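Notebook open, model loaded. I want to jot down what I look up as I go, a few helices and then some single residues.

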Amino acid sequence: MRDFLLREIFTDNILPEIEHIGFDKSYASRVCDKFCYKNIKIYDLNPAQSNIIKQTAISVGADCATHREVITGKIETSDCILGGSLSQIKKIAEKLKYQPFGLKHLGESLVEFVSRKKNVKTKIMGVLNLTDNSFSDGGKYLEFEKAIGHLKELIDDGADIIDIGAESTKPYSKPVSSEIQLKRIIPILEYVCDNNIQIPISVDTRSSEVAKEAIRHGAKIINDVSGMDFDENMADVVAKGGGKIVIQHSKGTPENMQENPSYENLMDEIFCDLKTKVDFAISKGILAENIILDPGIGFGKTREDNFEIIKRVEEFYSLGCPVLLGVSRKSLLNMRDEDNFMKDIFTVALNNLAIERKIDIIRVHNVKLHKQLIEIMS
């Protein structure tokens with residue numbers, strides 16, 4: 001008896017593989033959905049909803065995992081994980097449209113959910129630190145001329161966005177007053193305006209006062225690492241200013257976030273926290289299309305947590321907002337005694353994974369290396 005040769009296929013586009021084996025080309029594009037498998041978590045279902053979804057899934061050859069007590073009705077709600085091919089999910093969605101208990105709306109949501117296509121070219125956000133204590137280059141660009149020199153360098157190297165920050169939020173750092181932040185940031189924003197620099201400027205701040213003045217001086221994005229938790233006025237300021245906001249997940253504050261951070265379910269907790277913050281931002285008048293999400297690498301996470309986020313970053317795309325990832329020169333590299341260029345090499349390696357997963361924005365110190373990486377991968 002001969003041995004059989006088997007190969008597992010990993011690809012976002014199964015069509016060329018199907019056509020290559022000689023499958024009928026007139027039907028090939030329509031059959032692709034049968035080879036695209038999805039695992040979708042649905043939250044807070046009652047037992048009746050859960051049971052109907054499970055039976056509907058089984059009826060088309062798919063499956064749905066629920067809490068073990070759903071069948072007895074001993075619990076009020078259960079999350080479920082619906083698993084099946086894209087073709088099966090669409091059939092389930094269609095059947096749910098004729099079911100009670102609000103499942104018609106779920107069926108419609110499933111169709112919209114699985115129909116989303118993400119086809120982006122990753123943008124590079126270059127970092128300009130106007131700080132005296134940042135973990136990477138604290139004090140290096142405090143002087144105006146040096147800051148402007150680095151700004152020009154970031155632009156020449158191909159940055160799509162420049163992120164200017166005057167307050168370090170590395171672990172155990174202390175807050176910096178709004179006055180000091182503005183004293184450092186405003187001259188740079190005035191230079192950008194006076195020289196008609198068109199690249200969008202982001203300001204990295206937790207302070208609504210700084211955000212308000214930054215927007216008034218031309219900043220297009222506010223990057224709030226606290227996710228609007230630090231300053232209760234931040235959402236109102238951004239909504240009124242009409243710009244974009246990066247909402248980051250952070251467990252705790254810089255002073256305490258790395259003191260034994262722990263999660264029962266890492267991805268669930270970050271996902272649900274970001275969903276809550278998106279809903280809050282929209283309720284305050286921030287347009288949905290102006291929201292960017294950041295899972296917060298290094299902000300209240302262990303090294304293992306950080307790598308799990310990078311591997312599963314695509315799960316945050318379900319929230320419908322662009323996603324930013326910032327791994328540049330951070331402690332997850334475990335390279336405290338190496339120079340910045342060596343850290344940048346390993347940062348590029350990690351960001352390669354994110355770019356392959358179609359991340360929208362990467363926040364980096366070394367723009368030139370990452371520009372070359374994206375051009376190679378295009």
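Before anything else, my labels: helices (H or I, at least four residues) and strands (E, at least two) are DSSP runs, numbered from the N terminus. This is a predicted model, so local features need pLDDT of at least 70 and side-chain atom pairs count only at pLDDT 80 or more, while totals for chains, interfaces and linings use all residues. Residues are numbered from 1 along each chain as its sequence is written, and side-chain values use heavy atoms, with hydrogens and water left out.

**Entry: tyrosine 172**

I started in the loop between β5 (161-165) and α7 (178-194), where tyrosine 172 lies. Next I looked up contacts, meaning heavy atoms within 4.5 Å. Leaving aside neighbours within four places in sequence, tyrosine 172 is in contact with Pro254, Glu255, Gln258 and Glu259.

**Entry: glutamine 181**

Moving into helix α7, I found glutamine 181. It is buried, as its relative accessible area is 1%. Which residues does glutamine 181 contact, leaving aside its neighbours within four places in sequence? I get Ala166, Glu167, Val176, Asp204, Thr205, Ser207 and Val210.

**Entry: α3 against α4**

Then I looked at a helix pair. Helix α3 (residues 47-59) and helix α4 (residues 86-96) pack at about 130°, and their axes are 9 Å apart. That angle makes α3 oblique to α4. For the record, axes are lines fitted to C-alpha atoms, for helices over the stretch in contact, and angles run from 0 to 180 degrees between N-to-C directions. Under 35 degrees counts as roughly parallel, over 145 as roughly antiparallel, 65 to 115 as roughly perpendicular, and the rest as oblique.

Who meets whom? From α3 I have Ile52, Ile53, Thr56, Ala57 and Ser59, and they meet Ile92, Lys95 and Leu96 in α4. By type, the residues of this contact are five nonpolar, two polar and one charged. My classes here: Ala, Val, Leu, Ile, Met, Phe, Trp, Tyr, Cys and Pro are nonpolar, Asp, Glu, Lys and Arg are charged, and the others, Gly among them, are polar.

Also in α4 is glutamine 88. I have it as buried, since its relative accessible area is 19%. Skipping neighbours within four places in sequence, glutamine 88 is in contact with Val60, Gly61 and Ala62.

**Entry: valine 70**

Valine 70 lies in the loop between β2 (63-65) and β3 (78-85). Although in a loop, valine 70 is buried, with a relative accessible area of 3%. Not counting residues up to four places away in sequence, valine 70 touches Pro47, Ser50, Asn51, Ile75 and Ser78. The C-alpha atoms of valine 70 and leucine 45 are 9.7 Å apart, and the two are 25 residues apart along the chain.

In helix α9 (residues 234-241) I noted Met234, Ala235, Val237 and Val238 as buried. Down the axis of α9 they fall within an arc of 165°, so they line one face of the helix. The arc is that of the directions from the helix axis to the C-beta atoms. These buried residues of α9 pack against α8 (208-216), β7 (221-224), β8 (244-248) and α10 (266-283). Just after α9, glycine 242 has a positive phi of about 80°.

For helix α11 (residues 303-311), the buried ones are Asp305, Asn306, Ile309 and Ile310. Their arc is 135°, so they line one face of α11. They pack against α10, β10 (324-325) and α12.

**Entry: positive phi away from glycine**

Most residues other than glycine have a negative phi. Phenylalanine 101 is not a glycine, yet its phi is positive, about 60°. It sits in the loop between α4 and α5 (103-115), and at 48% relative accessibility it is partly exposed. Lysine 358, also not a glycine, has a positive phi of about 65°. Its loop runs between α12 (340-356) and β11 (361-364), and lysine 358 is partly exposed at 25% relative accessibility.

How values were computed. Buried < 20%, exposed > 50% of the residue type's maximum accessible area, 1.4 Å probe, protein only.
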